[in-house]
Amino acid sequence: TPVPVLTIDGPSGSGKGTISRLVAEQLGWRLLDSGALYRAVGYAAGMEGLDLSDAEAVTRCAQHVKIRFHAAPDGQDTRVLVNGHDATDELRTETAGAAASAIASIPTVRQALVDLQLGFRKAPGLVADGRDMGTVIFPDAAHKVFLTASAAERAKRRYKQLKEKGLSVTLSGLQREIEARDTRDASRAVAPLKPAEDAVLVDTTGMGIDAVVAKVLAVVQS
Ligand code: C5P
């Protein structure tokens with residue numbers, strides 16, 4: 001039997017990252033944070049001084065970049081190494097998110113990251129977090145969830161996260177950026193952000209983390 005996969009797709013700020021991590025911990029499964037891969041490519045391209053709209057150059061970058069995830073001790077965030085440099089903090093910024101979204105619309109960049117993502121599927125199971133996990137990368141996944149929340153709620157969550165990290169942001173600016181990124185992600189020609197036909201939709205507006213985790217675990221156990 002194939003290694004089981006749970007895909008968790010949805011827009012930025014829907015809580016995917018936190019929920020995916022907690023659900024993977026509960027199940028004892030591996031975790032694929034596919035957004036981090038796109039962020040890493042955008043970051044590496046920026047470091048090389050590439051024009052992010054230069055599809056050929058960015059694709060070459062995506063084909064050669066070395067991305068490694070390093071588990072950190074108890075409760076601390078997994079570190080992301082890009083070409084040997086610990087870029088964890090840089091990758092979290094809205095600038096990195098916008099760069100990721102820009103290079104993610106290049107089909108050959110997406111193609112360059114396919115095998116890397118498929119390689120995360122190892123026993124006993126995989127939780128795959130992203131935009132196209134259930135539609136493109138793991139269409140045969142046994143369990144698929146699509147997480148949403150209102151744009152206002154997502155902006156509020158992001159605001160809190162970034163403030164805690166000591167970054168200076170405004171709520172209104174953040175909501176505008178989130179809406180712009182959603183529109184770009186949902187309207188692009190390749191792998192647009194949309195629920196798989198067989199995904200369970202979970203609207204997390206007003207829900208606490210524990211309740212969402214329970215709901216997602218119920219999908220896996222159903
Ligand atoms: O999830 P995260 O905010 O880290 O993703 C950053 C950007 O990477 C998204 O806005 C999206 O454009 C892109 N992305 C993607 N496909 C994925 C994951 C992320 O296009 N599977």
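**Entry 1: α2 and α3**

I started with a helix pair and found that α2 passes α3 in a right-handed crossing. Everything I note here comes from a predicted model. The two axes come within 9 Å and cross at roughly 115 degrees. On the α2 side I list Val41, Ala44 and Ala45, and these meet Val58, Cys61 and Ala62 of α3. I sorted the contact of α2 with α3 by class and got 6 nonpolar residues, no polar and no charged ones.

Next I looked up α5, which covers residues 94-103. Which residues of α5 are buried? I have Ala96, Gly97, Ala99, Ala100, Ser101 and Ile103 down as buried. I then checked what they pack against, and the list reads α2 (34-47), α3 (55-64), α4 (88-91), α6 (107-112) and α10 (171-187). I took two of these partners further.

**Entry 2: α5 with α2**

For α2 and α5, I read off axes that come within 8 Å and cross at roughly 95 degrees. An angle from 65 to 115 degrees counts as roughly perpendicular, so I put α2 down as roughly perpendicular to α5. From α2, the contact takes in Gly35, Tyr38, Arg39, Val41, Gly42, Tyr43, Ala45 and Gly46. From α5, I noted Ala96, Gly97, Ala99, Ala100, Ala102 and Ile103. By class, the contact of α2 with α5 splits into 9 nonpolar, 4 polar and 1 charged. Going back over my lists, I see Val41 and Ala45 of α2 in the contact with α3, and both turn up again in the contact with α5.

**Entry 3: α5 with α10**

How do α5 and α10 run relative to each other, roughly parallel or roughly antiparallel? Their axes come within 10 Å and cross at roughly 15 degrees. That is under the 35 degrees cut-off, so α5 is roughly parallel to α10. I made the crossing of α5 and α10 left-handed. Glu94, Gly97, Ala98 and Ser101 of α5 make the contact with Glu177, Arg181, Arg184 and Asp185 of α10. I counted classes here too: the contact of α5 with α10 has 1 nonpolar, 2 polar and 5 charged residues.

**Entry 4: the annotated loop**

I checked the UniProt record, an unreviewed entry, and under "binding site" it lists Gly10, Pro11, Ser12, Gly13, Ser14, Gly15, Lys16, Gly17 and Thr18. I picked two of them.

Pro11 sits in the loop between β1 (5-9) and α1 (16-27). I found 20 other C-beta atoms within 10 Å of Pro11, so it is buried. Setting aside neighbours within four places in sequence, I have Pro11 in contact with Thr148, Arg154, Asp182 and Leu193.

Gly13 is also in the loop between β1 and α1. Because it has 26 C-beta neighbours inside 10 Å, I count Gly13 as buried. Without residues up to four places away in sequence, Gly13 touches Ala149, Arg154, Ala155, Arg157, Arg158 and Ile178.

**Entry 5: Leu81**

My last stop was Leu81, in strand β4 (residues 79-82). Is Leu81 buried, exposed or partly exposed? It has 15 C-beta neighbours inside 10 Å, so I put Leu81 down as partly exposed. Not counting residues up to four places away in sequence, Leu81 touches Arg68, His70 and Asp86.

Terms used:
Residues are numbered from 1 along each chain as its sequence is written. This is a predicted model: local features need pLDDT of at least 70, side-chain atom pairs count only at pLDDT 80 or more; totals for chains, interfaces and linings use all residues. A residue is buried if 20 or more other C-beta atoms lie within 10 Å of its own, exposed if 12 or fewer, and partly exposed in between; C-beta atoms are placed from the backbone. Helices (H or I, at least four residues) and strands (E, at least two) are DSSP runs, numbered from the N terminus. Two residues are in contact if their C-beta atoms, placed from the backbone, lie within 7 Å. Axes are lines fitted to C-alpha atoms, for helices over the stretch in contact, and angles run from 0 to 180 degrees between N-to-C directions. Angles under 35 degrees count as roughly parallel, over 145 as roughly antiparallel, 65 to 115 as roughly perpendicular and the rest as oblique. A crossing is left-handed if the near helix is turned anticlockwise from the far one by less than a right angle, and right-handed if clockwise. Ala, Val, Leu, Ile, Met, Phe, Trp, Tyr, Cys and Pro count as nonpolar, Asp, Glu, Lys and Arg as charged, and the others, Gly among them, as polar. UniProt positions are given in the numbering used here, feature names are shortened, and annotations may be inferred rather than shown by experiment.
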